[in-house]
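Thanks for making time this morning. I would like to walk you through one structure, so please have a look at it before I go on.

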Amino acid sequence: MHIPFCRSKCPYCDFYSVRADESVKTQYVNTLKNRISAEMSTSDCKADTLYIGGGTPSVLGSENLCEIVKSASPFLSPNAEITVECNPFGLSEDFFKILAFYGVNRISMGLQSANDRERRALGRLSDSETVKQAVLNVQSAGISNISLDVMLGIPRQTEKSLSETLDFCLSLGVPHISAYILKLEEGTVFYNRQNSLSLPDDDAVADLYLQTCETLERNGIMQYEISNFAKCGYESRHNLKYWNCEEYLGLGPAAHSFLGGKRFYFERDLNAFLNDSNPISDGDGGDFTEYAMLRLRLTKGLLNSETENRFGHKIPEEIIKKSAFFADKGFMESDERGIRLTRNGFLLSNSILAEIL
Amino acid sequence: MAKKEFIRNFSIIAHIDHGKSTLADRLLELTETVAKRDMQEQLLDNMDLERERGITIKAHAVKLDYKALDGNIYNLNLIDTPGHVDFNYEVSRSLAACEGAVLIVDASQGVEAQTLANTYLALDHDLELVPVINKIDLPAADPERVAKEVEDIIGLDCSEAPKVSAKTGENVEKVLESIVKLVPPPENNDDKPLRALVFDSVYDSYKGVIVYVRVVDGQIKAGDTMRMMATGAEFTVVEVGYMRPTFMEKTDVLSSGEVGYITASIKTVGDARVGDTVTTAENPADEALPGYRKVNPMVFCGVYPADGADYEALRDALEKLQLNDAALSFEPETSGALGFGFRCGFLGLLHLEIIQERLEREYNLDLVTTVPSVIYKIHLTNGEMVEIDNPSHYPDPATIDYAEEPTVEAHIYAPPSYVGQIMDLCQDRRGVYVGMTYLDADRVDLHYKLPLNEIIYDFFDALKSRTRGYASFDYELADYQRSSLVKLDVLLNGDTIDALSFIIHSDKAYGRARKIAEKLKDNIPRQMFEIPVQIAVGSKVIARETVKAMRKDVLAKCYGGDITRKKKLLEKQKEGKKRMRQFGTVEVPQEAFMAVLKLDDE
């Protein structure tokens, strides 16, 4: 579920979000509820994950969020993973208790950096102490499955400031961390000001990335995807669906879906969604190239057995041959089980995929 | 047919930007040769490229009718001249078709380098000069001072010189009066055998080649059998006439003193080359008009389509350009790095650039050109001599006895204060000082003998920048001289890139090798692996750099909404690979390749 509202726009973010007053939010929640039942009641299988992302879902308030969860509950399997993304600012223990009561069992929060100077450069309104308090509130509310977002390659970031940020996460004992290399998206403030931002260069960013992987793994938080790390058993079940090329339904403006072999999305327009607009087709999905491209984001990589189950053939010989070349350079591993990228390979994954697929 | 006494044949000469084309426009307007509505800025320069660069590439001519103050109607033939040293020969032929020249001098800038160089060229042809002070509308204009300068430096009487503004039209009619008064009419030689000087020729897809001539002796009319005296080729004249600014005016006969055109179903301009003399087969002249020389290409380079599929299109385009440009030569060649292309010959670097630009602009081709080369004579130990204009044909150094390279006699005209800088430049270009002549207090003629390969890249630009544009430069091909040459090879990741090889004097090899290595390092985008860049003479590496390996090329976030985007990115990257030149294991984008070939920017 995409919640397209934010208190303010972060200078690096190009997700679809707007500022809206309470009546619009209420109207949106109602539209979403209707859509959920309309889409799901025709399906006879149950969803095993629900992800409420944004935007900033927490700006809807606990009551609205619970309305959405409640409306989805009939279509969820008993042990479903239910995640809500939150902006840590001003969220009390009670807020999380209410969410937990209605079944929310995973909270994802944007930390980005524990260094307050870096946080300000990213347009974060609160200090790291606020994040810490919010994490403690989630934990007291009984939700242990918490994920923090960290950003790499942000203005003035150094090895030292990054290690502060990673230590901050580790000290809070969260079981999941997403560490994203900053990407300058066209149209954002960062994109337009990139030359005055003192961004670390590509080599430095590569080093920050390797530092992150090593630090987290040393502390038992294992990499399972290019940008995702978790204690064993805490991998995001929802996000794994994307990388396993499985189906999902996305509702809300700018939300994408993959159902029945088709990819489609709703346009980036709140009013259109409120007026029951139809999704726009984005072509067929799920072919081998797409599957391989997604699976190679995982540390597990592309496996012969699973490929055979899904497509009736093993990984094509051509790909194995090209992978051997990259394995030789230390960018990939290749064995009888399948092929996968190494950390250095992940860093170059765009180029490598363009070569082997 | 006009009476000879009412004909005036003239050119306009000037330093660049002193207003030659604007004055020509005003003259056309004033004589009502072109209706106002047909006036385009700078009508005589009718190629796009010329208008954009403000240079005249090919000569043009136009006939104007002017009713003078004495009540007679004069027939004024304005012959425009190209303005660059590469086309010097064509300038010279244009001037040979005239009896006079209008010399324009900018009222604020005064006499400048090319004012002088062009003046000498005109005087060489015994032309009567008509000085005109232009741009009197400029705030900084000082016509009196400039007139005095022209009198002092050139020795032309400027008491009667029209002081005009070609821009506003002020006093322009006085220029026409001066032409009538000062430029002598042509001689009447109607009863001699035909001799007409070809000063330009253009290809027209309907009429074939249109030959622009100045008839010196005799007459020519449709039905005559014309003969080109240099080539001996004969054609039946289809039509003769005059050039009007916007159309061709057919006439019955062209006779001595007149300027006009001839069409005779001639297939290529190579059959009617500039400088040749036209006579008739029925009553041939004994001797051609003086000064014809075959213009041979002096600079060679490989021209390749960026996309191999455009090879045929490139051939067609070159063939079409050659119809109109006898100095352009080409033959097919292949390169390991660049695939199929053509080895092309040009008059000089500007000529090369113009052709390249026309191919890209008019024919929509994406091109890669290799480093320009001259023709070297390589004497082998077995006594044989081979001529090499392509580095990839350079023989094994072990078989070479000695090598020779072409030289030029260069004259550089500049104010004495720049002599030091010019000498430094010529020294740096392996020039041998021949002499220095003071033309007057403000002008010297520095005479150097220079290797041609030192001037084909960027000599003119370097000269201009060292003399703040005051120097002008002229050269003539001289003899071949023994020289110590080496061939430099460029290796990327250990593989030789044949298209980047070139021949150079051994003293310069190290410096240039270092520059090339640096340029390549800066222009080859980082790839997944380190790429050693080596410049070698034979098997000896004399410069090396390394393109560091790329470390980061990753899409950090890939969730539901990113998958299609990522898929498109993947497609785009695969597509992008096709636009790279694959050199062994190294991919070099077009842009990097070009940057290396344009090494002489700094």
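Predicted model: local features only at pLDDT ≥ 70, side-chain atom pairs only at ≥ 80, totals over all residues.

The largest nonpolar core has 162 residues, and the ones with the most contacts inside it are Leu78(B), Ala101(B), Val102(B), Val211(B) and Ile262(B). Strand β7 of chain B, running over residues 208-217, contributes the largest share of this core, namely seven residues. If we take Ala101(B) and set aside its neighbours within four places in sequence, we find it in contact with a list of residues that includes Phe10(B), Ile12(B), Ile13(B), Leu95(B), Leu127(B) and Val130(B). Apart from that core lies another, of 95 residues, and among them are Tyr12(A), Leu152(A), Phe168(A) and Phe266(A). As general background, nonpolar side chains in soluble globular proteins tend to be buried together.

That brings me to chain A, whose secondary structure comes to 15 helices and 14 strands, and in which buried residues make up 43% of the 357 residues. Chain A has an open sheet of eight strands with mixed pairing, in the order β1-β2-β3-β4-β5-β6-β8-β7. Its edge strands are β1 (2-3) and β7 (222-225) of chain A, each of which pairs on one side only. Within the sheet, β3 (residues 76-86) and β4 (residues 106-112) of chain A pair in the parallel sense over four bridges, and Val84(A) has Ile107(A) in β4(A) as its bridge partner. Packed on this sheet is helix α5 of chain A, residues 128-140, which touches β4 and β5 (146-152) of chain A and whose direction makes about 170 degrees with that of β4(A).

Now, how do two helices of chain B meet? The axes of α1 (residues 20-30) and α6 (residues 172-182) of chain B come within 10 Å and cross at roughly 85 degrees, and therefore α1(B) and α6(B) are roughly perpendicular to each other. On the α1(B) side the residues are Arg26(B), Leu27(B) and Leu30(B), and they meet Val172(B), Glu173(B), Val175(B) and Leu176(B) in α6(B). The residues of this contact of α1(B) with α6(B) divide into five nonpolar, no polar and two charged.

Finally, the place where the chains come together: 32 residues of chain A are in contact with 23 residues of chain B. On the side of chain A that touches chain B, α15(A) gives the most, with five residues, and the residues of that side divide into 17 nonpolar, seven polar and eight charged.

How values were computed. Residues numbered from 1 in each chain as written. Chains lettered and ligands numbered in written order. Contact = placed C-beta atoms within 7 Å. Nonpolar A, V, L, I, M, F, W, Y, C, P; charged D, E, K, R; others polar. Axes fitted to C-alpha atoms, helices over the stretch in contact; angles between N-to-C directions. Parallel < 35°, antiparallel > 145°, perpendicular 65-115°, else oblique. Buried ≥ 20, exposed ≤ 12 C-beta atoms within 10 Å, placed from the backbone. Core = buried A, V, L, I, M, F, W, Y, C linked by C-beta atoms within 7 Å. Pairing = 2+ DSSP bridges.
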